[in-house]
Amino acid sequence: MAAKKTRGRQKIEMKKIENENDRMIAFSKRRSGIYKKASELATLTGAEIGIVVFSPSGKPFSFGHPSLEAVANRFLGLNQEHPNDNTHLLVEAHRRLRISELNQQHNELLRQLDEENAREKILKQNRKGKETQPHWWETPVNEINHQELLQMDAAVDDLHKTFLAKLNEKTAAASSSMAPPMYFHHK
């Protein structure tokens, strides 16, 4: 059975995260989680939802279904909808569909970003742990992507060619005139 590679979901103590980078990552993940739940609630129940969040750095983020403005106007009693306006219903249905599609794309991009951030964090931790021996060839192969593997293969190939050239050079210089020189070839 393969060893577990991640710690999975864990309960964390509810206190402010001191590390700024970790705090921003947690904010991004939690914000996207709230948006996802709000989108699911709106889709499943037809509820109108409005959320406004300010990041720790003060940047505003919002989510609204059907829109933040529509939810705010309804909350303030400023709705001006006309009950017999079929054009508005068609436009609203198309807009909701487009918003749903964009939300799905957004959630997928956030998932990919989270994966890359986690991968970057693991690689940084691995590099910190190997500061005494910071050799690129010691990086575990399962932790590098395809492009990095190709670069590593090319570097190993160059190293091997250089090694063989130096070995042939030293062998030729060390051999006596009576014994024929030994040559090594790369296959």
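Which residue lies over the face of Phe-61? In this predicted model, that residue is Arg-31, placed at 4.0 Å from the ring centre of Phe-61.

Phe-61 also takes part in an aromatic pair. A pair of aromatic rings is described by the distance of the centres and the angle of the planes. By the rule applied here, the count comes to 2 aromatic pairs. In one of them, Phe-27 and Phe-61 are 5.7 Å apart from centre to centre, with 55° between the planes, and the pair is tilted. Because Phe-27 belongs to helix H1 (residues 20-45) and Phe-61 to strand E2 (residues 60-65), this pair ties together parts that are 34 residues apart in sequence. Both Phe-27 and Phe-61 are buried.

Tyr-35 and Phe-63 form an aromatic pair with ring centres 5.5 Å apart. Their planes meet at 25°, so the pair is stacked, the cut-off for stacking being under 30 degrees. Here too distant parts of the chain are linked, with Tyr-35 in helix H1 and Phe-63 in strand E2, 28 residues apart. Tyr-35 has a relative accessibility of 8% and therefore counts as buried. Phe-63, at 7% relative accessibility, likewise counts as buried. The limit that applies to these values is under 20% relative accessible area.

When residues up to four places away in sequence are not counted, Ser-55 touches Phe-27 and Phe-61.

Another part of the chain carries a database annotation. The unreviewed UniProt entry assigns the label "coiled-coil region" to residues 99-126. In the model, the span of residues 99-126 is 100% helix and 0% strand. The C-alpha atoms at the ends of this span lie 40 Å apart.

Conventions. Residues are numbered from 1 along each chain as its sequence is written. This is a predicted model: local features need pLDDT of at least 70, side-chain atom pairs count only at pLDDT 80 or more; totals for chains, interfaces and linings use all residues. Side-chain values use heavy atoms; hydrogens and water are left out. Rings of Phe, Tyr and Trp (its six-membered ring) pair if their centres lie within 6.5 Å; planes under 30 degrees apart count as stacked, over 60 as edge-to-face and the rest as tilted. Helices (H or I, at least four residues) and strands (E, at least two) are DSSP runs, numbered from the N terminus. Buried means under 20% relative accessible area, exposed over 50%, partly exposed in between (1.4 Å probe, protein chains only). A charge sits over a ring if NZ of Lys or CZ of Arg is within 6 Å of the ring centre and within 35 degrees of the ring normal. Contact means heavy atoms within 4.5 Å. UniProt positions are given in the numbering used here, feature names are shortened, and annotations may be inferred rather than shown by experiment.
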